[in-house]
Amino acid sequence: MLVNLPGPWSPFLGRLALSEIPYTNPILAPLFVVIVLAGIALVAGITYYGKWGYLWKEWFTTVDHKKLGIMYIILGLIMLFRGFIDGLMMRTQQTLAVGSGHNGMPVMGAIHGYLAPFHFGQIYSAHGLIMILLAATPLLVGLMNIIVPLQIGARDMAYPYLNALGLWITAAAVFLIMISLFVGDFSHNGWFGYAPIFELAYSPGVGVDYWIWTLELVALGTTLGSINFLATVVKMRAPGVTWTRLPVFTWTAVSANIIALTSFPCLQVALALVGADRYLGTHFFTAGFGGNLMLYTNLFWLWGHPEVYFVILPAFGMISEVIPTFSEKPIFGYITMVLASFAIAGVSWIVWLHHFFTMGMGPYVSTEFSVATMLVGIPTGVKVFNWTFTMYRGRLTFSSAMIWSIGALFLLLIGGLTGMMLSIPAINYMVHNSVFVVAHFHMMLLCIVYAVFSAIIFWFPKVFGFKLNEAWGKIMFWLFSAGTFLVFFPMFMLGFMGETRRLDWPFNLQWAPWFDVQEVGIAVYVLSVLAFLWLIYVSIRDRAENRVGADAWGTSRSLEWITDSPVPFYNFAMVPHVNHRDEAAWRRENGFSDKRPEKFVDIHMPNNTPVAIIIGALTFVVGFGLTWRIWWLTVLALVVTVLVMIYRSGKGDPGYIISAEEMAKMDRESRQKMDDGHAHLPKGGGYTGGTVTAYSAGAGDSGSSGTPPGNSRPLS
Amino acid sequence: MSHGHSNPLQHPEVQMASRSSYLAGFVIASLLMLAATILVSGQVLAPFALLLTIMGCAGLAAIAQMYFLLHIDISEHNIWNTVALVMFIPLFVITIGLTWWMFSQLYMRTMPMIPGMPGMH
């Protein structure tokens, strides 16, 4: 039933052989040595300081949504760096290779530049896949993980264990793509894959298999996460958090996760069919035997377009939290903001054909998808106007988080307008597959990156208890923006001049000056990376001076700012009773900021579990075994996975109880640790509207969600 | 953590679990897929009739799995399952319908009927 492989195969090692390890490659071999040395140093350091127990207990087995979120963000930042290095290598290759004639480095086996086409293909494929699915997605999922439960007043996600499982399966995907650097090759057919080049006949190596199983793992992890987010927001809201009191960020998380839940299965099916073609010899996407190449492209973008809105919507939510805080005004047009998020999510389902307008299905189909694509501009425009109206006549503070958010608006504008151009089929036929398209979607994805940096600066004090350094945050912003300008504006120009994407050898000498400008831009980006590392170092060094209270910015608005900074593991000592959409701002304006719970009740917390990390490791083994066709290993890992799941299901996990007295003690300690960050803040004039419930009464955890409290009077 | 019910075994979703319905769903779906495989590999029917038959099998298998495994029906006590079902219908129409339209237009333009050549159009 299995296909005949081109090349050797052994029952024990599958396709794996010593010759698959590129120890002669002058880039990879030194890199491997460096990574191994760094790994040994890390392990030795942890062992020397005796931190293994701490890491295992506090991080590897944790089910705390904040710690999982931090690990997601660290994973995302590492992969952002890896993807950036890929980008740097591509830019350098094009700068060196431009022009006619032989200008390559023979030592690398390249005729043009320093990379052979096969190697260049792997780099751009890895760059795309990493940046979208292993950098942007973990960063956004991590931020949603930390903030969504806090914004709705929950103690944890609905399924804490499932949350950990999602993280460790995503980590398995990261390990799989990283190991493809040193064992075998990665795919060279672009991040989205082309039929039929990914068929076994045209890509006989293991690169495409790495690509399939990396994507399958990350799709699995993200689907599990989206189920968890939806259940959390539907079921776990604190008393008083009605649907119209959800912060905009939580709303965008809901809309984004509806997209994720409904679209990721398409990707999994599409890749399973590619896998069937490569492993079982079916012909779904071949040109002969009844297959159709375009069916793959269709299925992929059926997921792919909703996916790009899955990553942009939480970014919009972050901007919607940062701008009101630093404008000292509520968000303008809350209802339209929420409706716009859902309009974008809904339209995301009917636009996917614009990724292959040139397929040749004629004017009627193209018109429908062109009009649908233009429709996206309406809710997005609503959002942009709402943000500007929020700032209009506001009391603006240009803190570093705020300027990152404003920067995101400019990128959104450029990306959106070029997107409108691309939605016109006539223009699309001209610039299709040119770097104009690449520059367009980099504007959109960089809008996400700007929003993510804004959000990291904004919520950092909530999670760690101290602010990041403002000056270095701004220096990094200007360096990053200069890099963005220098790399991507020339890219728009080159697109108009006819440069196609994925060009390992740009033959036209007239493009050379623009490549040089881009290379300068990449150098500035490198400086911004250094500025980021320095920002982290300086902030940790000076943390004592930058400690904050519960309301870190003094003008914060949503519910997460009423609990302590750093957030204790139980989130809220007593589940808060929410009286207003902008609860923190409402309490501040009415003089309730210092109100603490008067009594405590027993609370129930989930236990740590090592099962999630074990299953994550096993899924990595499954992916590795499938890639190299080591069948015994794959089957063994799958069987063990099922056994571990059955073991956990049978064991049950009752969690543990923290008694009321213990809660009172912990709450007191947590408050003492916190600096009184808002001593300088103006206090509100007091509330005259009757009694106010600040914390839920009695066994607060079981409070039903969705019922507004009787005494609450929203400020209006 | 939400504790509307102290015992998770009393949650309505857990109460709906039943071994016989899981088995029934699994067996029915497997049989339908087996039937489709036999029909295709044996080429028992004319191409278009075969296409319709295996589409019917896939539809029945999907319904069996939804009903027996996921307990998705239109009863009132199970409101979130019903919401999921209602959400599914427009998505199904959009994805399958637009794909169908797209490819029929594509085939009309790029794959003219050649007499004697078997095909799906």
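Colleague: Where is the place of N571(A) in chain A?

Modeller: In this predicted model, N571(A) sits in the loop between α16 and α17 of chain A. Its phi is positive, about 65 degrees, although N571(A) is not a glycine.

Colleague: What makes N571(A) count as buried or exposed?

Modeller: The count of neighbours decides: a residue is called buried if 20 or more other C-beta atoms lie within 10 Å of its own. N571(A) has 22 other C-beta atoms within 10 Å, and therefore N571(A) is buried.

Colleague: Why is R502(A) called partly exposed?

Modeller: The label applies between the two limits, with 20 or more neighbours for buried and 12 or fewer for exposed. R502(A) has 17 other C-beta atoms within 10 Å, so R502(A) is partly exposed. As for the backbone, R502(A) is a residue other than glycine with a positive phi, near 60 degrees, and R502(A) is found in the loop between α15 (470-496) and α16 of chain A.

Colleague: Why does H432(A) count as partly exposed?

Modeller: H432(A) has 17 C-beta neighbours inside 10 Å, and because that value falls between the limits of 12 and 20, H432(A) counts as partly exposed. The loop that holds H432(A) runs between α13 (425-431) and α14 (435-464) of chain A.

Colleague: Which residues is H432(A) in contact with, leaving aside its neighbours within four places in sequence?

Modeller: With those neighbours left aside, H432(A) is in contact with F357(A) and T358(A). There is also T500(A), which is 68 residues from H432(A) in sequence and 8.5 Å from H432(A) in space, C-alpha to C-alpha.

Colleague: How do you know that the peptide bond from A195(A) to P196(A) is cis or trans?

Modeller: The torsion omega gives the answer: for the bond from A195(A) to P196(A) omega is near -5 degrees, and the bond is cis. P196(A) lies in the loop between α5 (160-179) and α6 (207-235) of chain A. A cis peptide bond also joins S565(A) and P566(A), where omega is about -5 degrees, and P566(A) is placed in the loop between α16 (512-541) and α17 (583-589) of chain A.

Colleague: Which residues touch the most other members of the largest nonpolar core?

Modeller: That core has 211 residues, and A315(A) and V452(A) touch the most other members. Apart from its neighbours within four places in sequence, A315(A) is in contact with L140(A), C447(A), I448(A), A451(A) and V452(A).

Colleague: What are the domains of chain A, and how many residues does each bring to the contact?

Modeller: The assignment for chain A gives domain 1 (1-50) and domain 2 (51-554 + 605-609). Domain 1 of chain A and domain 2 of chain A each bring 15 residues to the contact, and on the side of domain 1 these divide into ten nonpolar, three polar and two charged. The centres of domain 1 and domain 2 of chain A, taken over C-alpha atoms, are 28 Å apart.

Colleague: What does UniProt list as "transmembrane region" in chain B?

Modeller: The unreviewed UniProt entry lists residues 21-42, 48-70 and 82-103 of chain B under that name. In the model, residues 48-70 of chain B are 96% helix and 0% strand, with end C-alpha atoms 32 Å apart, and residues 82-103 of chain B are 100% helix and 0% strand, also with end C-alpha atoms 32 Å apart. Chain B as a whole has four helices and zero strands, and buried residues make up 5% of its 121 residues.

Colleague: How many residues of chain B are in contact with chain A?

Modeller: 15 residues of chain B are in contact with 24 residues of chain A, and those on the side of chain B divide into seven nonpolar, seven polar and one charged.

How values were computed: Residues are numbered from 1 along each chain as its sequence is written. Chains are lettered from A and ligands numbered from 1 in the order in which they are written. This is a predicted model: local features need pLDDT of at least 70, side-chain atom pairs count only at pLDDT 80 or more; totals for chains, interfaces and linings use all residues. Domain bounds come from an automatic or database domain assignment. Two residues are in contact if their C-beta atoms, placed from the backbone, lie within 7 Å. Ala, Val, Leu, Ile, Met, Phe, Trp, Tyr, Cys and Pro count as nonpolar, Asp, Glu, Lys and Arg as charged, and the others, Gly among them, as polar. UniProt positions are given in the numbering used here, feature names are shortened, and annotations may be inferred rather than shown by experiment. Helices (H or I, at least four residues) and strands (E, at least two) are DSSP runs, numbered from the N terminus. A nonpolar core is a set of buried Ala, Val, Leu, Ile, Met, Phe, Trp, Tyr and Cys residues joined through C-beta atoms within 7 Å.
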